[in-house]
Amino acid sequence: MYRAPLSEIAFTLKEVAGLGQLQAQPGQEELSDDLIEAILGEAAKFAEEEIAPLNRVGDENPAQLIDGSVKTSPGWKDVYTRWREGGWNALTGDPEFGGQGLPNMLHVAVFEMWNAGSMAFTLCPTLTTGAVEAIEKHGSPELKAKYLEKLTSGEWTGTMNLTEPHAGSDLNALRAKAEPVGDGSYKISGQKIFITYGDHDMTDNVIHLVLARLPDAPAGTRGISLFAVPKYFVNDDGSLGEKNDVTVAGVEHKLGIHGSPTCTMSYGDNGGAIGWLIGEENRGLACMFTMMNNARLAVGVQGLGIAERAFQEALAYSLDRKQGRGVGSKTDGMDPIAVHPDIKRTLLSMKSQTQVARAICYACAHALDMAKLAPDAEQKKFWTERAGLLTPIAKALSTDFGVDVASLGIQIHGGMGFIEETGAAQHLRDARIAPIYEGTNGIQSIDLVMRKLPMSGGDQVRSLISEIKEIAASVNADNTGELGDLGSKLDAAVADLETATEWMLAAQADGKVSEALAGATPYLRLAGITLGAGLLAKGALASKSAPEALKKPRYLMARSFAETVLGESAPLKDDVTRAAEAILAFDAAELA
(Lines give C-alpha, C1' and ligand atoms only; values in the text may rest on other atoms or scores of the structure.)
Protein backbone atom coordinates (compact mmCIF):
# COMPACT_ATOMS: atom_id res chain seq x y z
CA MET A 1 0.00 0.00 0.00
CA TYR A 2 1.32 3.42 -0.96
CA ARG A 3 0.61 6.66 0.88
CA ALA A 4 1.96 9.86 -0.62
CA PRO A 5 4.30 11.62 1.87
CA LEU A 6 2.51 14.93 1.45
CA SER A 7 4.06 16.72 4.40
CA GLU A 8 7.59 15.83 3.30
CA ILE A 9 6.87 16.76 -0.32
CA ALA A 10 5.43 20.15 0.64
CA PHE A 11 8.25 20.80 3.12
CA THR A 12 10.94 19.98 0.57
CA LEU A 13 9.33 22.19 -2.06
CA LYS A 14 9.01 25.16 0.26
CA GLU A 15 11.87 24.99 2.74
CA VAL A 16 14.60 23.15 0.85
CA ALA A 17 14.18 23.56 -2.91
CA GLY A 18 13.08 27.19 -3.09
CA LEU A 19 9.37 27.25 -3.95
CA GLY A 20 8.96 30.46 -1.94
CA GLN A 21 11.45 32.21 -4.22
CA LEU A 22 9.47 31.03 -7.21
CA GLN A 23 6.17 32.25 -5.75
CA ALA A 24 7.71 35.70 -5.27
CA GLN A 25 8.47 36.13 -8.98
CA PRO A 26 6.31 38.52 -11.03
CA GLY A 27 3.39 36.74 -12.65
CA GLN A 28 3.23 34.00 -10.01
CA GLU A 29 0.71 35.71 -7.75
CA GLU A 30 -1.86 32.95 -8.28
CA LEU A 31 0.61 30.26 -7.18
CA SER A 32 -0.66 30.34 -3.60
CA ASP A 33 0.02 27.87 -0.83
CA ASP A 34 -3.66 26.89 -0.91
CA LEU A 35 -3.50 26.09 -4.63
CA ILE A 36 -0.34 24.03 -4.17
CA GLU A 37 -1.85 22.13 -1.25
CA ALA A 38 -5.00 21.38 -3.26
CA ILE A 39 -3.05 20.12 -6.28
CA LEU A 40 -0.76 17.92 -4.19
CA GLY A 41 -3.71 16.54 -2.24
CA GLU A 42 -5.66 15.58 -5.35
CA ALA A 43 -2.55 14.10 -6.96
CA ALA A 44 -1.91 12.01 -3.85
CA LYS A 45 -5.47 10.70 -3.90
CA PHE A 46 -5.22 9.68 -7.55
CA ALA A 47 -1.80 8.08 -7.06
CA GLU A 48 -2.93 6.08 -4.05
CA GLU A 49 -6.38 5.01 -5.25
CA GLU A 50 -6.00 4.72 -9.02
CA ILE A 51 -2.38 4.30 -10.10
CA ALA A 52 -0.83 2.30 -7.25
CA PRO A 53 -3.22 -0.67 -7.67
CA LEU A 54 -2.04 -0.99 -11.29
CA ASN A 55 1.54 -1.72 -10.29
CA ARG A 56 1.17 -5.44 -9.62
CA VAL A 57 -1.36 -5.80 -12.44
CA GLY A 58 1.12 -4.44 -14.99
CA ASP A 59 3.94 -6.58 -13.64
CA GLU A 60 1.95 -9.80 -13.86
CA ASN A 61 0.09 -8.94 -17.08
CA PRO A 62 2.59 -7.25 -19.39
CA ALA A 63 1.68 -5.23 -22.45
CA GLN A 64 1.36 -7.52 -25.48
CA LEU A 65 1.69 -7.21 -29.24
CA ILE A 66 -1.48 -8.63 -30.78
CA ASP A 67 -2.15 -8.50 -34.53
CA GLY A 68 0.30 -5.66 -35.04
CA SER A 69 -0.97 -3.47 -32.19
CA VAL A 70 -0.01 -3.21 -28.53
CA LYS A 71 -2.62 -3.99 -25.90
CA THR A 72 -1.79 -2.55 -22.48
CA SER A 73 -2.29 -4.24 -19.13
CA PRO A 74 -5.84 -4.71 -17.77
CA GLY A 75 -7.35 -1.50 -16.41
CA TRP A 76 -4.57 0.79 -17.67
CA LYS A 77 -6.57 2.39 -20.46
CA ASP A 78 -9.43 3.29 -18.10
CA VAL A 79 -7.11 4.79 -15.48
CA TYR A 80 -5.20 6.72 -18.13
CA THR A 81 -8.47 8.16 -19.44
CA ARG A 82 -9.48 9.30 -15.95
CA TRP A 83 -5.98 10.69 -15.38
CA ARG A 84 -6.14 12.68 -18.62
CA GLU A 85 -9.69 13.89 -17.98
CA GLY A 86 -8.50 15.13 -14.60
CA GLY A 87 -6.20 17.55 -16.43
CA TRP A 88 -2.99 16.04 -15.06
CA ASN A 89 -1.20 15.83 -18.40
CA ALA A 90 -1.77 19.56 -18.96
CA LEU A 91 -0.37 20.66 -15.61
CA THR A 92 2.70 22.50 -16.95
CA GLY A 93 1.56 22.94 -20.55
CA ASP A 94 1.35 26.27 -22.33
CA PRO A 95 -2.09 27.86 -21.73
CA GLU A 96 -2.19 28.74 -25.45
CA PHE A 97 -2.60 25.02 -26.13
CA GLY A 98 -4.85 24.17 -23.19
CA GLY A 99 -2.20 23.79 -20.51
CA GLN A 100 -2.36 25.11 -16.96
CA GLY A 101 1.03 26.82 -17.07
CA LEU A 102 2.08 25.62 -13.61
CA PRO A 103 5.77 25.33 -12.66
CA ASN A 104 8.09 22.37 -13.09
CA MET A 105 8.40 22.08 -9.31
CA LEU A 106 4.77 20.97 -9.07
CA HIS A 107 5.19 18.72 -12.08
CA VAL A 108 8.11 16.93 -10.43
CA ALA A 109 6.25 16.63 -7.11
CA VAL A 110 3.18 15.00 -8.65
CA PHE A 111 5.30 12.80 -10.91
CA GLU A 112 7.05 11.50 -7.81
CA MET A 113 3.64 10.27 -6.68
CA TRP A 114 2.75 8.82 -10.08
CA ASN A 115 6.06 6.91 -10.22
CA ALA A 116 5.68 5.63 -6.69
CA GLY A 117 2.25 4.41 -7.75
CA SER A 118 3.50 2.72 -10.92
CA MET A 119 6.67 3.62 -12.75
CA ALA A 120 5.62 1.58 -15.79
CA PHE A 121 2.32 3.47 -16.12
CA THR A 122 3.92 6.87 -15.63
CA LEU A 123 6.48 6.35 -18.38
CA CYS A 124 3.80 7.13 -20.97
CA PRO A 125 3.02 10.72 -19.87
CA THR A 126 6.70 11.26 -19.05
CA LEU A 127 7.61 10.91 -22.73
CA THR A 128 4.61 12.96 -23.83
CA THR A 129 5.71 15.87 -21.65
CA GLY A 130 9.11 15.84 -23.32
CA ALA A 131 7.57 15.74 -26.80
CA VAL A 132 5.38 18.73 -25.95
CA GLU A 133 8.39 20.73 -24.81
CA ALA A 134 10.42 19.87 -27.92
CA ILE A 135 7.62 20.92 -30.29
CA GLU A 136 6.87 24.05 -28.23
CA LYS A 137 10.49 25.21 -28.46
CA HIS A 138 11.44 24.09 -31.95
CA GLY A 139 8.31 23.26 -33.96
CA SER A 140 6.86 25.40 -36.73
CA PRO A 141 3.55 27.23 -36.15
CA GLU A 142 1.88 24.61 -38.36
CA LEU A 143 3.20 21.70 -36.29
CA LYS A 144 2.23 23.41 -33.06
CA ALA A 145 -1.30 24.05 -34.32
CA LYS A 146 -1.68 20.46 -35.51
CA TYR A 147 -0.27 18.55 -32.53
CA LEU A 148 0.20 20.56 -29.37
CA GLU A 149 -3.36 20.88 -28.11
CA LYS A 150 -3.99 17.14 -28.06
CA LEU A 151 -0.49 16.29 -26.85
CA THR A 152 -0.86 18.81 -24.04
CA SER A 153 -4.21 17.39 -22.99
CA GLY A 154 -2.91 13.83 -23.21
CA GLU A 155 -5.48 12.83 -25.84
CA TRP A 156 -2.44 11.85 -27.90
CA THR A 157 0.93 10.71 -26.59
CA GLY A 158 4.49 11.26 -27.77
CA THR A 159 7.64 9.17 -28.07
CA MET A 160 11.38 9.71 -28.45
CA ASN A 161 13.09 7.67 -31.22
CA LEU A 162 16.88 7.77 -30.98
CA THR A 163 18.37 4.31 -30.54
CA GLU A 164 19.00 1.94 -33.45
CA PRO A 165 20.03 -1.74 -33.26
CA HIS A 166 23.65 -1.12 -34.31
CA ALA A 167 24.21 2.21 -32.55
CA GLY A 168 23.17 2.15 -28.89
CA SER A 169 24.07 5.48 -27.32
CA ASP A 170 26.37 6.44 -30.23
CA LEU A 171 24.26 8.74 -32.40
CA ASN A 172 27.17 9.19 -34.80
CA ALA A 173 26.24 5.77 -36.20
CA LEU A 174 22.58 6.63 -36.79
CA ARG A 175 21.30 5.35 -40.19
CA ALA A 176 17.58 6.18 -40.36
CA LYS A 177 16.92 8.19 -43.52
CA ALA A 178 14.72 11.14 -44.41
CA GLU A 179 14.00 11.93 -48.08
CA PRO A 180 12.36 15.27 -48.99
CA VAL A 181 9.06 14.71 -50.77
CA GLY A 182 8.86 18.24 -52.19
CA ASP A 183 5.75 19.45 -50.39
CA GLY A 184 7.43 20.20 -47.07
CA SER A 185 7.18 16.63 -45.83
CA TYR A 186 9.78 13.85 -45.73
CA LYS A 187 9.77 10.08 -46.22
CA ILE A 188 11.27 8.44 -43.15
CA SER A 189 12.76 4.95 -43.31
CA GLY A 190 14.65 2.87 -40.79
CA GLN A 191 14.28 0.98 -37.54
CA LYS A 192 14.38 2.21 -33.94
CA ILE A 193 14.63 0.09 -30.81
CA PHE A 194 13.77 0.54 -27.12
CA ILE A 195 10.90 2.93 -27.91
CA THR A 196 8.87 3.40 -24.74
CA TYR A 197 5.13 3.31 -25.47
CA GLY A 198 5.92 3.18 -29.18
CA ASP A 199 2.42 1.78 -29.55
CA HIS A 200 -0.48 1.28 -27.16
CA ASP A 201 -4.27 1.35 -26.92
CA MET A 202 -4.70 4.15 -24.37
CA THR A 203 -5.02 6.96 -26.94
CA ASP A 204 -6.08 7.29 -30.58
CA ASN A 205 -2.79 8.61 -31.90
CA VAL A 206 0.93 8.57 -31.10
CA ILE A 207 3.28 11.30 -32.33
CA HIS A 208 6.78 9.93 -32.79
CA LEU A 209 9.77 12.26 -32.64
CA VAL A 210 12.33 10.53 -34.86
CA LEU A 211 15.99 11.31 -35.52
CA ALA A 212 17.06 10.65 -39.13
CA ARG A 213 19.58 11.79 -41.76
CA LEU A 214 18.89 13.79 -44.92
CA PRO A 215 20.58 12.58 -48.13
CA ASP A 216 23.23 15.32 -48.12
CA ALA A 217 23.68 15.45 -44.34
CA PRO A 218 27.17 15.85 -42.85
CA ALA A 219 28.64 12.84 -41.11
CA GLY A 220 28.26 12.35 -37.37
CA THR A 221 25.89 14.10 -35.03
CA ARG A 222 26.13 17.33 -37.07
CA GLY A 223 24.01 15.67 -39.75
CA ILE A 224 21.00 14.55 -37.72
CA SER A 225 17.53 16.06 -38.14
CA LEU A 226 14.38 15.62 -36.06
CA PHE A 227 10.97 14.76 -37.48
CA ALA A 228 7.41 14.47 -36.18
CA VAL A 229 5.98 11.21 -37.52
CA PRO A 230 2.36 10.55 -36.48
CA LYS A 231 0.93 7.06 -36.20
CA TYR A 232 -2.16 8.41 -37.94
CA PHE A 233 -2.22 11.43 -40.23
CA VAL A 234 -4.12 14.44 -38.92
CA ASN A 235 -6.58 16.15 -41.24
CA ASP A 236 -6.90 19.93 -41.47
CA ASP A 237 -10.00 19.82 -39.27
CA GLY A 238 -8.10 17.93 -36.55
CA SER A 239 -9.70 14.57 -37.24
CA LEU A 240 -7.61 11.45 -37.80
CA GLY A 241 -6.90 10.26 -41.32
CA GLU A 242 -5.14 7.21 -42.71
CA LYS A 243 -2.50 5.24 -40.85
CA ASN A 244 1.09 6.24 -41.54
CA ASP A 245 3.71 3.71 -42.66
CA VAL A 246 4.72 3.05 -39.05
CA THR A 247 4.67 -0.49 -37.67
CA VAL A 248 5.55 -2.24 -34.44
CA ALA A 249 8.08 -4.98 -35.19
CA GLY A 250 8.16 -6.31 -31.65
CA VAL A 251 7.75 -5.71 -27.92
CA GLU A 252 10.64 -6.50 -25.61
CA HIS A 253 10.49 -8.98 -22.72
CA LYS A 254 12.24 -7.18 -19.88
CA LEU A 255 13.57 -7.54 -16.35
CA GLY A 256 11.07 -4.98 -15.06
CA ILE A 257 8.55 -2.27 -15.98
CA HIS A 258 6.54 -5.03 -17.65
CA GLY A 259 3.45 -2.88 -18.07
CA SER A 260 5.36 -0.36 -20.19
CA PRO A 261 5.59 -1.55 -23.82
CA THR A 262 9.17 -1.19 -25.06
CA CYS A 263 8.82 -1.40 -28.82
CA THR A 264 10.91 -1.94 -31.91
CA MET A 265 9.53 0.51 -34.47
CA SER A 266 9.86 0.22 -38.25
CA TYR A 267 9.42 3.26 -40.46
CA GLY A 268 8.83 3.05 -44.20
CA ASP A 269 8.42 -0.70 -44.76
CA ASN A 270 5.81 0.08 -47.41
CA GLY A 271 7.22 3.07 -49.25
CA GLY A 272 8.09 5.55 -46.51
CA ALA A 273 6.58 6.96 -43.35
CA ILE A 274 5.70 10.62 -43.77
CA GLY A 275 7.16 13.07 -41.26
CA TRP A 276 7.65 16.80 -40.84
CA LEU A 277 10.84 18.58 -39.84
CA ILE A 278 11.12 19.95 -36.30
CA GLY A 279 13.53 22.86 -36.12
CA GLU A 280 16.25 23.22 -38.76
CA GLU A 281 17.80 20.61 -41.02
CA ASN A 282 20.86 18.93 -39.46
CA ARG A 283 20.02 20.54 -36.09
CA GLY A 284 17.92 17.69 -34.78
CA LEU A 285 20.16 16.74 -31.91
CA ALA A 286 19.80 20.20 -30.36
CA CYS A 287 16.01 19.83 -30.63
CA MET A 288 16.09 16.33 -29.19
CA PHE A 289 18.23 17.48 -26.28
CA THR A 290 15.30 19.63 -25.18
CA MET A 291 13.32 16.43 -24.81
CA MET A 292 16.23 14.45 -23.38
CA ASN A 293 17.01 16.98 -20.64
CA ASN A 294 13.35 16.95 -19.62
CA ALA A 295 13.43 13.16 -19.61
CA ARG A 296 16.67 12.95 -17.60
CA LEU A 297 15.18 14.81 -14.67
CA ALA A 298 12.01 12.76 -15.06
CA VAL A 299 14.05 9.56 -14.81
CA GLY A 300 15.68 10.87 -11.64
CA VAL A 301 12.16 11.28 -10.28
CA GLN A 302 11.51 7.64 -11.18
CA GLY A 303 14.37 6.65 -8.91
CA LEU A 304 12.87 8.84 -6.19
CA GLY A 305 9.38 7.37 -6.60
CA ILE A 306 10.61 3.78 -6.48
CA ALA A 307 12.74 4.56 -3.42
CA GLU A 308 9.77 6.05 -1.56
CA ARG A 309 7.52 3.09 -2.37
CA ALA A 310 10.21 0.55 -1.42
CA PHE A 311 10.90 2.37 1.86
CA GLN A 312 7.22 2.48 2.82
CA GLU A 313 6.77 -1.24 2.21
CA ALA A 314 9.97 -2.14 4.07
CA LEU A 315 8.92 0.04 7.01
CA ALA A 316 5.49 -1.57 7.18
CA TYR A 317 7.01 -5.04 7.02
CA SER A 318 9.58 -4.28 9.71
CA LEU A 319 6.84 -3.13 12.08
CA ASP A 320 4.75 -6.22 11.40
CA ARG A 321 7.35 -8.98 11.21
CA LYS A 322 8.34 -10.31 14.64
CA GLN A 323 11.60 -12.10 15.21
CA GLY A 324 14.00 -12.18 18.15
CA ARG A 325 13.91 -9.79 21.07
CA GLY A 326 15.29 -6.31 21.21
CA VAL A 327 18.18 -5.52 23.53
CA GLY A 328 16.68 -4.86 26.97
CA SER A 329 13.18 -5.83 25.80
CA LYS A 330 10.67 -6.37 28.59
CA THR A 331 7.88 -7.69 26.37
CA ASP A 332 6.72 -11.27 26.27
CA GLY A 333 7.53 -13.11 23.08
CA MET A 334 9.27 -11.72 20.02
CA ASP A 335 9.58 -8.08 19.00
CA PRO A 336 9.07 -6.47 15.60
CA ILE A 337 12.33 -6.53 13.66
CA ALA A 338 12.15 -2.73 13.50
CA VAL A 339 13.59 -2.56 17.04
CA HIS A 340 16.88 -4.22 16.04
CA PRO A 341 19.81 -1.83 15.47
CA ASP A 342 20.76 -3.22 12.06
CA ILE A 343 17.18 -2.83 10.78
CA LYS A 344 17.08 0.71 12.19
CA ARG A 345 20.30 1.48 10.36
CA THR A 346 18.92 0.09 7.11
CA LEU A 347 15.62 1.95 7.35
CA LEU A 348 17.34 5.23 8.19
CA SER A 349 19.68 4.76 5.24
CA MET A 350 16.71 4.14 2.94
CA LYS A 351 14.86 7.18 4.29
CA SER A 352 17.83 9.56 4.01
CA GLN A 353 18.74 8.46 0.47
CA THR A 354 15.13 8.93 -0.59
CA GLN A 355 15.06 12.44 0.86
CA VAL A 356 18.35 13.36 -0.81
CA ALA A 357 16.91 12.26 -4.17
CA ARG A 358 13.76 14.31 -3.49
CA ALA A 359 15.69 17.44 -2.52
CA ILE A 360 18.03 17.32 -5.53
CA CYS A 361 15.27 16.60 -8.07
CA TYR A 362 13.11 19.39 -6.67
CA ALA A 363 16.09 21.78 -6.65
CA CYS A 364 16.72 20.98 -10.31
CA ALA A 365 13.07 21.69 -11.14
CA HIS A 366 13.34 24.98 -9.24
CA ALA A 367 16.32 26.00 -11.39
CA LEU A 368 14.37 25.19 -14.56
CA ASP A 369 11.48 27.35 -13.37
CA MET A 370 13.71 30.22 -12.38
CA ALA A 371 15.39 30.10 -15.80
CA LYS A 372 11.98 30.71 -17.38
CA LEU A 373 10.95 33.46 -14.99
CA ALA A 374 14.28 35.26 -14.53
CA PRO A 375 13.83 39.02 -15.03
CA ASP A 376 17.08 39.65 -16.91
CA ALA A 377 19.60 37.93 -19.17
CA GLU A 378 22.22 37.51 -16.44
CA GLN A 379 19.83 35.73 -14.09
CA LYS A 380 18.41 33.65 -16.92
CA LYS A 381 21.91 32.48 -17.79
CA PHE A 382 22.69 31.68 -14.16
CA TRP A 383 19.58 29.57 -13.63
CA THR A 384 19.85 27.86 -17.01
CA GLU A 385 23.39 26.82 -16.12
CA ARG A 386 22.30 25.75 -12.63
CA ALA A 387 19.62 23.51 -14.14
CA GLY A 388 22.21 22.10 -16.53
CA LEU A 389 24.61 21.40 -13.67
CA LEU A 390 21.99 19.69 -11.51
CA THR A 391 20.33 17.59 -14.24
CA PRO A 392 23.01 14.86 -14.55
CA ILE A 393 23.35 14.73 -10.76
CA ALA A 394 19.60 14.44 -10.29
CA LYS A 395 19.35 11.72 -12.91
CA ALA A 396 22.34 9.64 -11.85
CA LEU A 397 22.36 9.92 -8.07
CA SER A 398 18.58 9.53 -7.72
CA THR A 399 18.47 6.44 -9.91
CA ASP A 400 21.47 4.90 -8.15
CA PHE A 401 19.72 5.54 -4.85
CA GLY A 402 16.50 4.10 -6.26
CA VAL A 403 18.28 0.82 -6.99
CA ASP A 404 20.07 0.85 -3.61
CA VAL A 405 16.89 1.55 -1.64
CA ALA A 406 14.90 -1.08 -3.53
CA SER A 407 17.66 -3.62 -2.85
CA LEU A 408 17.70 -2.71 0.85
CA GLY A 409 13.93 -3.11 0.85
CA ILE A 410 14.37 -6.74 -0.21
CA GLN A 411 16.97 -7.17 2.53
CA ILE A 412 14.50 -5.89 5.15
CA HIS A 413 11.97 -8.47 3.95
CA GLY A 414 14.58 -11.22 4.23
CA GLY A 415 13.70 -14.41 2.34
CA MET A 416 10.20 -13.10 1.72
CA GLY A 417 11.70 -10.22 -0.23
CA PHE A 418 13.05 -12.72 -2.74
CA ILE A 419 9.53 -14.06 -3.21
CA GLU A 420 7.44 -12.18 -5.76
CA GLU A 421 4.37 -12.36 -3.52
CA THR A 422 5.53 -9.45 -1.34
CA GLY A 423 6.14 -7.06 -4.25
CA ALA A 424 9.55 -6.02 -2.91
CA ALA A 425 11.36 -7.72 -5.77
CA GLN A 426 9.34 -5.83 -8.39
CA HIS A 427 10.67 -2.51 -7.12
CA LEU A 428 14.26 -3.62 -7.70
CA ARG A 429 13.44 -5.05 -11.12
CA ASP A 430 11.66 -1.85 -12.13
CA ALA A 431 14.31 0.45 -10.68
CA ARG A 432 17.21 -1.23 -12.45
CA ILE A 433 16.51 0.31 -15.86
CA ALA A 434 16.64 3.89 -14.57
CA PRO A 435 20.47 4.13 -14.32
CA ILE A 436 20.61 2.87 -17.93
CA TYR A 437 18.13 4.69 -20.14
CA GLU A 438 18.00 8.36 -21.13
CA GLY A 439 21.79 8.28 -21.10
CA THR A 440 23.49 5.82 -18.78
CA ASN A 441 24.74 7.17 -15.50
CA GLY A 442 28.24 6.92 -16.91
CA ILE A 443 27.13 9.26 -19.69
CA GLN A 444 25.64 11.59 -17.08
CA SER A 445 29.04 11.71 -15.39
CA ILE A 446 30.72 12.57 -18.67
CA ASP A 447 28.13 15.27 -19.32
CA LEU A 448 28.70 16.74 -15.87
CA VAL A 449 32.49 16.78 -16.13
CA MET A 450 32.99 17.69 -19.78
CA ARG A 451 30.06 20.01 -20.49
CA LYS A 452 28.68 21.34 -17.23
CA LEU A 453 31.72 22.02 -15.04
CA PRO A 454 33.36 24.35 -17.60
CA MET A 455 30.25 26.58 -17.84
CA SER A 456 31.13 30.21 -17.19
CA GLY A 457 34.75 29.20 -16.68
CA GLY A 458 33.79 26.99 -13.73
CA ASP A 459 32.00 29.79 -11.89
CA GLN A 460 28.65 27.97 -11.89
CA VAL A 461 29.96 24.94 -10.01
CA ARG A 462 31.97 27.20 -7.70
CA SER A 463 28.76 29.08 -6.91
CA LEU A 464 27.03 25.84 -5.94
CA ILE A 465 29.96 24.85 -3.73
CA SER A 466 29.80 28.25 -2.03
CA GLU A 467 26.12 27.71 -1.25
CA ILE A 468 26.88 24.37 0.39
CA LYS A 469 29.65 26.06 2.41
CA GLU A 470 27.10 28.59 3.66
CA ILE A 471 24.81 25.78 4.81
CA ALA A 472 27.72 24.16 6.65
CA ALA A 473 28.52 27.48 8.32
CA SER A 474 24.89 27.79 9.44
CA VAL A 475 25.01 24.30 10.93
CA ASN A 476 28.20 25.14 12.80
CA ALA A 477 26.74 28.42 14.06
CA ASP A 478 23.59 26.66 15.21
CA ASN A 479 25.70 24.34 17.39
CA THR A 480 22.79 21.96 18.02
CA GLY A 481 23.99 18.85 19.79
CA GLU A 482 21.26 16.80 18.12
CA LEU A 483 23.04 17.29 14.78
CA GLY A 484 26.27 15.74 16.07
CA ASP A 485 29.28 16.77 14.02
CA LEU A 486 27.24 17.33 10.86
CA GLY A 487 28.79 20.76 10.31
CA SER A 488 32.40 19.60 10.42
CA LYS A 489 31.69 16.57 8.23
CA LEU A 490 29.97 18.76 5.70
CA ASP A 491 32.92 21.15 5.79
CA ALA A 492 35.28 18.27 5.05
CA ALA A 493 33.15 16.97 2.18
CA VAL A 494 32.90 20.44 0.64
CA ALA A 495 36.69 20.75 0.80
CA ASP A 496 37.04 17.39 -0.94
CA LEU A 497 34.55 18.45 -3.61
CA GLU A 498 36.36 21.74 -4.12
CA THR A 499 39.69 19.96 -4.56
CA ALA A 500 38.22 17.44 -7.01
CA THR A 501 36.46 20.20 -8.96
CA GLU A 502 39.57 22.30 -9.42
CA TRP A 503 41.50 19.17 -10.42
CA MET A 504 38.85 18.37 -13.04
CA LEU A 505 38.87 21.88 -14.46
CA ALA A 506 42.67 21.96 -14.58
CA ALA A 507 42.86 18.52 -16.22
CA GLN A 508 40.59 19.66 -19.02
CA ALA A 509 42.48 22.93 -19.44
CA ASP A 510 45.69 20.90 -19.78
CA GLY A 511 44.16 18.60 -22.38
CA LYS A 512 44.07 15.59 -20.05
CA VAL A 513 40.68 14.44 -21.28
CA SER A 514 41.19 10.73 -20.61
CA GLU A 515 42.28 11.44 -17.04
CA ALA A 516 39.17 13.58 -16.47
CA LEU A 517 36.90 10.91 -17.95
CA ALA A 518 38.48 8.23 -15.75
CA GLY A 519 37.33 10.17 -12.67
CA ALA A 520 33.95 11.30 -13.97
CA THR A 521 31.77 8.72 -12.18
CA PRO A 522 33.31 9.15 -8.70
CA TYR A 523 33.20 12.91 -9.25
CA LEU A 524 29.46 12.87 -9.88
CA ARG A 525 28.85 10.80 -6.76
CA LEU A 526 31.06 13.12 -4.70
CA ALA A 527 29.16 16.16 -5.97
CA GLY A 528 25.82 14.45 -5.41
CA ILE A 529 26.35 13.24 -1.87
CA THR A 530 27.89 16.56 -0.82
CA LEU A 531 25.00 18.54 -2.26
CA GLY A 532 22.55 16.01 -0.81
CA ALA A 533 24.07 16.31 2.65
CA GLY A 534 23.87 20.08 2.38
CA LEU A 535 20.19 19.96 1.45
CA LEU A 536 19.44 17.54 4.31
CA ALA A 537 21.20 19.95 6.66
CA LYS A 538 19.18 22.83 5.25
CA GLY A 539 16.00 20.89 5.92
CA ALA A 540 17.09 20.08 9.45
CA LEU A 541 17.79 23.74 10.23
CA ALA A 542 14.42 24.73 8.76
CA SER A 543 12.76 22.21 11.11
CA LYS A 544 14.25 23.64 14.29
CA SER A 545 10.91 25.02 15.48
CA ALA A 546 8.78 22.23 14.03
CA PRO A 547 6.90 19.71 16.20
CA GLU A 548 9.14 16.94 17.48
CA ALA A 549 7.47 14.34 15.26
CA LEU A 550 8.60 16.29 12.18
CA LYS A 551 11.87 17.66 13.53
CA LYS A 552 13.38 14.43 14.84
CA PRO A 553 13.44 12.39 11.59
CA ARG A 554 14.88 15.33 9.64
CA TYR A 555 17.65 15.77 12.18
CA LEU A 556 18.37 12.05 12.17
CA MET A 557 18.42 11.85 8.38
CA ALA A 558 20.91 14.70 8.10
CA ARG A 559 23.11 13.37 10.88
CA SER A 560 23.03 9.76 9.72
CA PHE A 561 23.77 10.63 6.08
CA ALA A 562 26.73 12.76 7.15
CA GLU A 563 28.09 10.07 9.47
CA THR A 564 27.78 7.25 6.92
CA VAL A 565 27.53 8.17 3.25
CA LEU A 566 29.40 11.48 3.50
CA GLY A 567 32.41 9.58 4.80
CA GLU A 568 32.96 8.52 1.20
CA SER A 569 34.04 12.02 0.19
CA ALA A 570 37.78 11.65 0.82
CA PRO A 571 38.10 8.28 -0.98
CA LEU A 572 36.00 9.64 -3.86
CA LYS A 573 38.28 12.69 -4.11
CA ASP A 574 41.28 10.37 -4.27
CA ASP A 575 39.52 8.27 -6.89
CA VAL A 576 39.03 11.40 -9.01
CA THR A 577 42.53 12.83 -8.61
CA ARG A 578 44.78 9.78 -8.26
CA ALA A 579 43.24 6.66 -9.83
CA ALA A 580 43.42 7.62 -13.52
CA GLU A 581 46.84 6.08 -14.18
CA ALA A 582 45.80 2.60 -13.07
CA ILE A 583 42.43 2.82 -14.82
CA LEU A 584 43.88 3.96 -18.13
CA ALA A 585 46.57 1.28 -18.00
CA PHE A 586 43.90 -1.43 -17.82
CA ASP A 587 43.26 -3.33 -21.06
CA ALA A 588 40.18 -5.55 -20.99
CA ALA A 589 41.43 -7.54 -23.97
CA GLU A 590 44.30 -8.87 -21.87
CA LEU A 591 41.80 -10.70 -19.68
CA ALA A 592 39.85 -12.26 -22.54
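Me: Which helices each supply at least two residues of the lining of the second largest pocket?
Reply: α6 (104-117), α7 (119-138), α9, α10, α11 (377-413) and α13 (441-452). Helices here are DSSP runs (H or I, at least four residues), numbered from the N terminus. The model is predicted, so local features need pLDDT of at least 70 and side-chain atom pairs pLDDT 80 or more, while totals for chains, interfaces and linings use all residues. Residues are numbered from 1 along each chain as its sequence is written, and side-chain values use heavy atoms, without hydrogens and water.

Me: Where does the largest share of that lining come from?
Reply: From α9, with 8 residues.

Me: And what is the class make-up of the lining?
Reply: The lining has 11 nonpolar, 10 polar and 6 charged residues. Ala, Val, Leu, Ile, Met, Phe, Trp, Tyr, Cys and Pro count as nonpolar, Asp, Glu, Lys and Arg as charged, and the others, Gly among them, as polar.

Me: Switching to the helix pair. At what angle do α9 and α10 cross?
Reply: The axes of α9 (residues 284-320) and α10 (residues 341-373) cross at roughly 155° and come within 9 Å. Axes are lines fitted to C-alpha atoms over the stretch in contact, with angles from 0 to 180 degrees between N-to-C directions. The two helices are therefore roughly antiparallel to each other, a term for angles over 145 degrees.

Me: Which residues make the contact?
Reply: Among them are L297, L304 and F311 of α9 and L347, M350 and Y362 of α10, contact being heavy atoms within 4.5 Å.

How values were computed. Angles under 35 degrees count as roughly parallel, over 145 as roughly antiparallel, 65 to 115 as roughly perpendicular and the rest as oblique.
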